[in-house]
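Colleague: Before we look together, I would like you to explain the labels you use for rings and cores, step by step.

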Amino acid sequence: MRLSIIIPDAMVVKNGLAHAGLDLASAGIPANVHALQWLGTEGLIEHEDANVETIATLPLWAEIALDLWEAQDAALRNPAPLSDEQRLALAQMNRQQAFALEADPLFFKWQAGEGLREDWEAKRQEIRLRFPYPDEV
């Protein structure tokens, strides 16, 4: 495993995947540490005074920071399901955009005598089916 912990950025990078904004203060990182670089079996701790320390095992604070990364990664990979209110708002937003981009041009063609009312109504129904409201599912 490759691991980077960049304290000023509140960032942990595991195998190339970064999560920022982590609460690293809860990890108990010593105040003089700037960053940690881990390359699988050994690593470096970079201190604020530019001193670099070679390490053969991950310190406890790095394991806690890694746990924070794991929790953030799990939350992003498995988001909480949307509530009915959120699903309704999303469907309304999607319908509004689709009506404006897809149905409205057909309406204006119909109004100008260049299209059919049936095409406009069919498009509106197709949009409603594509973005159903929660009570319509």
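Colleague: What makes you say that Arg95 lies over the face of Tyr133?

Modeller: In this predicted model, Arg95 is placed 3.8 Å from the ring centre of Tyr133, and the cut-off for the CZ atom of Arg is within 6 Å of the ring centre, together with a position within 35 degrees of the ring normal. The charged end of Arg124 also sits over a ring, that of Phe99, at 4.4 Å from its centre.

Colleague: Why is the pair of Phe107 and Trp120 called tilted?

Modeller: Here the distance is 5.1 Å centre to centre, with 55 degrees between the planes; stacked would need under 30 degrees and edge-to-face over 60, and the rest count as tilted. Phe107 lies in helix H2 and Trp120 in helix H3, residues 117-130, so this pair ties together parts that are 13 residues apart in sequence. Phe107, Phe108, Trp110 and Trp120 form one aromatic cluster.

Colleague: How do you know whether Trp120 and Phe107 are buried or partly exposed?

Modeller: Trp120 has a relative accessibility of 15%, and because buried means under 20%, Trp120 counts as buried. Phe107, with a relative accessible area of 25%, is partly exposed, and Trp110 is likewise partly exposed, its value being 25%.

Colleague: What makes a group of residues a nonpolar core?

Modeller: The members must be buried nonpolar residues joined through side-chain atoms within 4.5 Å. The largest core here has 18 residues, of which Leu3, Ile5, Val12, Leu24, Leu36 and Trp61 touch the most other members. Strand E1 (2-6), strand E4 (33-39) and helix H1 (60-77) each supply at least two residues of this core, and the largest share, five residues, comes from H1.

Colleague: Which residues belong to the second core?

Modeller: The second core, separate and made of six residues, includes Phe99, Trp120, Ile127 and Phe131. Trp120, at 15% relative accessibility, was the buried residue discussed above.

Technical notes. Residues are numbered from 1 along each chain as its sequence is written. This is a predicted model: local features need pLDDT of at least 70, side-chain atom pairs count only at pLDDT 80 or more; totals for chains, interfaces and linings use all residues. Side-chain values use heavy atoms; hydrogens and water are left out. Buried means under 20% relative accessible area, exposed over 50%, partly exposed in between (1.4 Å probe, protein chains only). Rings of Phe, Tyr and Trp (its six-membered ring) pair if their centres lie within 6.5 Å; planes under 30 degrees apart count as stacked, over 60 as edge-to-face and the rest as tilted. Helices (H or I, at least four residues) and strands (E, at least two) are DSSP runs, numbered from the N terminus.
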